[in-house]
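Here is a note to read alongside the model. Please keep the structure open as you go through the points.

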Protein chains: 2
Amino acid sequence: MAPGLFIDGRAAASLPLPDRGLAYGDGLFETLLVRGRQPAWPALHGERLSAGLARLGIPEPPWRDHLASSLAAVDAPAERWLTLRLTVTRGDGPRGYAPPATAVPRTVIEIAEAPLDPLAAPAPLRTALARLRWARQPALAGLKHLNRLEQVLAARECRERGLDELLVCDTAGRLVAATRGNLFLLRGDTLVTPDLAACGIAGTRRRLLLDTLAPALGLAAEVTALEPAALASADALFCCNSLRGIVAIGRHEEQQWRAHPVIERLQAAYREALCASVG
Amino acid sequence: MAPGLFIDGRAAASLPLPDRGLAYGDGLFETLLVRGRQPAWPALHGERLSAGLARLGIPEPPWRDHLASSLAAVDAPAERWLTLRLTVTRGDGPRGYAPPATAVPRTVIEIAEAPLDPLAAPAPLRTALARLRWARQPALAGLKHLNRLEQVLAARECRERGLDELLVCDTAGRLVAATRGNLFLLRGDTLVTPDLAACGIAGTRRRLLLDTLAPALGLAAEVTALEPAALASADALFCCNSLRGIVAIGRHEEQQWRAHPVIERLQAAYREALCASVG
């Protein structure tokens, strides 16, 4: 399958300039897992995107139409898993940081093969604490915006250290997330995840776990401030994101965790919900 | 004059995708003032850009060649002031935050009329303290990178409040800068400006003031942590950036300052140095 690139719903190879997405990272994105032409959990992605656009004051473009026309134009077998990145920028505007009074946003959709099979059992991760710490910015916390240099630096550190993932604290020393997804701890019958009021991305799979999967399995869910010391006493640890689903951490720094039945039940429930979501 | 747009030194109307500059803000930029075909203080811009590329691990593209060929292609009278934005992105790369091992960076050059005459005497600014605070991130502090959503939010706040500029603190309550430039206080015979170890952009005109203009006028220069309370006792306040030069603050919140002879001498010295710089 050839990768597909679409701007405002039409096949395109390049972005018209100027664009504030390039100039200032003035925009947002979503990474959707797709099977055939059906995105997984489109409502979760759509609600986050709409809320983010409202917070940044970017008018909502007809991205649902663009999504549908882009997927209709991609030549992929119905059983194939795809990754679809949907970027919304504030579009063109006069020179300078101040956003135009009436912006005409652009959508950029990039479709490619999924990097891995989301129904396969993922190998547990080897992680460590990142040396890099992320900045605390409540005005942007939770958003999946285009200002992602901190993730780029953390991913570079992860590769240099030869690890699968890094767990990242903010500059106040509180746990935020993994470089590529949200972080959960299992404590007895409770799932615990860092609160994201100051920092981090509020992932769609994090929300799915908190709102749907945890209650369905009889687990409590807690969102709270966490320091790295909390990791050592957890019964199990895992990360989640839209492409990898739920992935256990097998080793963090010098500590190891065996496969945990609750994580395996969550993974099974996730895969079942994913298949239902993509029809 | 038609605005000019150049990618890797060649006239172009759009950016090839994917590009990590759009995807993650993975890149840097410089805003140069140009007269005819001569950029002002190219060495100051070039040194900051090179240092930033090294910190982000982006190979240095032949941007000097691209700058020269772009300026050669623009049809502008020799006495005309232009603004030139030079953006360097990490270019294409595989999906995901991790930068490619061997990146092929892109340069994007956008040339337009300067928004104002840099030799005209600028009107003093009305400013206030921004409600938005900027995040502290030492790993990115000082760089003029593409992650500028905080400036966008601050510029929006500035427009909503009907002011010329806002002075912005970081989340620890320390003064950082104005939304569109660096901030200086005059205290007796000393120029004082916030240190940028945790936050902010190290402007080329800030460096020119610290290294060249202040010593030439017999002024001391101090870089230090500053809180908003320091503003009230300053003899004068001013902002600086590449397009506006040195602009006095006439009123901050409820306090007013008259034109100060030292600021006027700095402005005259700046204009003289600017004319010498563009030949």
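**Notes on the two chains**

1. Start with a helix contact. Leu44(B), His45(B) and Arg48(B) in α2(B) meet Thr204(B), Arg207(B) and Leu208(B) in α5(B). Two residues are in contact if their C-beta atoms, placed from the backbone, lie within 7 Å. The residues of this contact of α2(B) with α5(B) divide into 2 nonpolar, 2 polar and 2 charged. Ala, Val, Leu, Ile, Met, Phe, Trp, Tyr, Cys and Pro count as nonpolar, Asp, Glu, Lys and Arg as charged, and the others, Gly among them, as polar.

2. A word on the source. This is a predicted model, where local features need pLDDT of at least 70 and side-chain atom pairs count only at pLDDT 80 or more, while totals for chains, interfaces and linings use all residues. Residues are numbered from 1 along each chain as its sequence is written, and chains are lettered from A and ligands numbered from 1 in the order in which they are written.

3. Back to the helix pair. The axes of α2 (residues 42-56) and α5 (residues 204-216) of chain B come within 10 Å and cross at roughly 115°. Axes are lines fitted to C-alpha atoms, for helices over the stretch in contact, and angles run from 0 to 180 degrees between N-to-C directions. α2(B) and α5(B) are therefore roughly perpendicular to each other (65 to 115 degrees). The crossing of α2(B) past α5(B) is right-handed (the near helix is turned clockwise from the far one by less than a right angle).

4. Now the whole chain. Chain A has 7 helices and 16 strands. These are DSSP runs, numbered from the N terminus: helices are H or I of at least four residues, strands E of at least two. The C-alpha atoms of chain A fill a box of roughly 50 × 45 × 35 Å along the principal axes.

5. How are the copies related?

6. Next, the interface. In chain A, 44 residues are in contact with 44 residues of chain B. β3 (14-16), α1 (20-24), β6 (81-89), β7 (106-113) and α4 (149-160) of chain A each give two or more residues to this side. The largest share, 8 residues, comes from α4(A). The side of chain A that touches chain B divides into 23 nonpolar, 12 polar and 9 charged residues. The copies meet through the same surface, because 100% of the interface residues of chain A are also interface residues in chain B.

7. Check the backbone too. Most residues other than glycine have a negative phi, and most peptide bonds are trans. A cis peptide bond joins Leu17(A) and Pro18(A), with omega about 0°. Pro18(A) sits in the loop between β3 and α1 of chain A. In chain B, a cis peptide bond joins Leu17(B) and Pro18(B). Trp41(A) has a positive phi, near 45°. Its place is the loop between β5 (38-39) and α2 (42-56) of chain A.

How values were computed. Angles under 35 degrees count as roughly parallel, over 145 as roughly antiparallel, 65 to 115 as roughly perpendicular and the rest as oblique.
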